[in-house]
Amino acid sequence: MKPVELNRSQPEAHQLRLQMDVPATLGWFSGHFPTQPILPGVAQLDWVMAYGLELAPGMRFSAIDSVKFQRPIVPGSKLELNLQWDAQRNVLSFSYALLTEQGEIPASSGKIKLCP
């Protein structure tokens, strides 16, 4: 259940930037929550891992170093996901920003430890 990719760039070999649309039809919104659907944190982390492994092939999840959810992501949102892989520390850093008419608004960020 991935978002719709609108644009991607790789400024450096260890970085990936994705712009995406989060349609209301994604299964992640089902029941979370019925009166005001929001994208679960586990969905955000799932996408980080799915796209992050493009930067760190052969690696797998080990632990969450830190995560901060700052703003809810609602159906129909436009997002930018920035990923950075630090191979020396085996850390995948991420940040999500809501793309709005007012500019980028931080939504969540964190660091995930990976292992071979």
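Author: Here is a short chat about this predicted model, from the whole chain down to single residues.

Reader: What should I know about the numbering and the pLDDT limits?

Author: Residues are numbered from 1 along each chain as its sequence is written. This is a predicted model, so to speak of local features we need pLDDT of at least 70, side-chain atom pairs count only at pLDDT 80 or more, totals for chains, interfaces and linings use all residues, and side-chain values use heavy atoms, with hydrogens and water left out.

Reader: What share of the residues is buried?

Author: Buried residues are 37% of the 116 in the protein chain. Buried means under 20% relative accessible area, exposed means over 50%, and partly exposed is in between, with a 1.4 Å probe and protein chains only.

Reader: What about contacts between residues 24 or more positions apart?

Author: Residues 24 or more positions apart make up 60% of the contacts in the protein chain with a separation of 6 or more. A contact here is heavy atoms within 4.5 Å.

Reader: Switching to charges: how many salt bridges are there?

Author: The structure holds five salt bridges. The term stands for a side-chain nitrogen of Lys or Arg within 4 Å of a carboxyl oxygen of Asp or Glu.

Reader: Which residue does R8 pair with?

Author: R8 forms a salt bridge with E54, with the closest N and O atoms 2.7 Å apart. R8 is in strand β1 (residues 4-9) and E54 is in the loop between α1 (41-52) and β3 (60-69), so the pair ties together parts that are 46 residues apart in sequence. R8 is partly exposed at 35% relative accessibility, and E54 is partly exposed at 42%. E5, R8 and E54 are also linked in a network of salt bridges.

Reader: What's the R17 story, and where does its partner sit?

Author: R17 forms a salt bridge with E80, the closest N and O atoms being 3.9 Å apart. This pair links distant parts of the chain, with R17 in strand β2 (residues 15-22) and E80 in strand β4 (residues 77-86), 63 residues apart.

Reader: Is E80 buried or exposed?

Author: E80 is buried, at a relative accessible area of 6%, whereas R17 is partly exposed at 34%.

Reader: And what does D86 pair with?

Author: D86 forms a salt bridge with R89, and their closest N and O atoms are 3.2 Å apart. D86 is partly exposed at 28%, and R89 is partly exposed at 45%.

Reader: What's phi of N90?

Author: Phi of N90 is near 55 degrees, a positive value in a residue other than glycine. N90 sits in the loop between β4 and β5 (91-100) and is partly exposed at 24% relative accessibility.

Reader: Last one: what does A97 touch?

Author: A97 lies in strand β5 and is buried, with a relative accessible area of 10%. Leaving aside neighbours within four places in sequence, A97 is in contact with K78, L79, E80, E104, I105, P106 and A107.

Reader: And where is A107?

Author: A107 is in strand β6 (residues 103-115) and is buried at 1% relative accessible area. Not counting residues up to four places away in sequence, A107 touches several residues, including K68, F69, Y96 and A97. The C-alpha atoms of A107 and Q44 are separated by 10 Å, though the two are 63 residues apart along the chain.

How values were computed: Helices (H or I, at least four residues) and strands (E, at least two) are DSSP runs, numbered from the N terminus.
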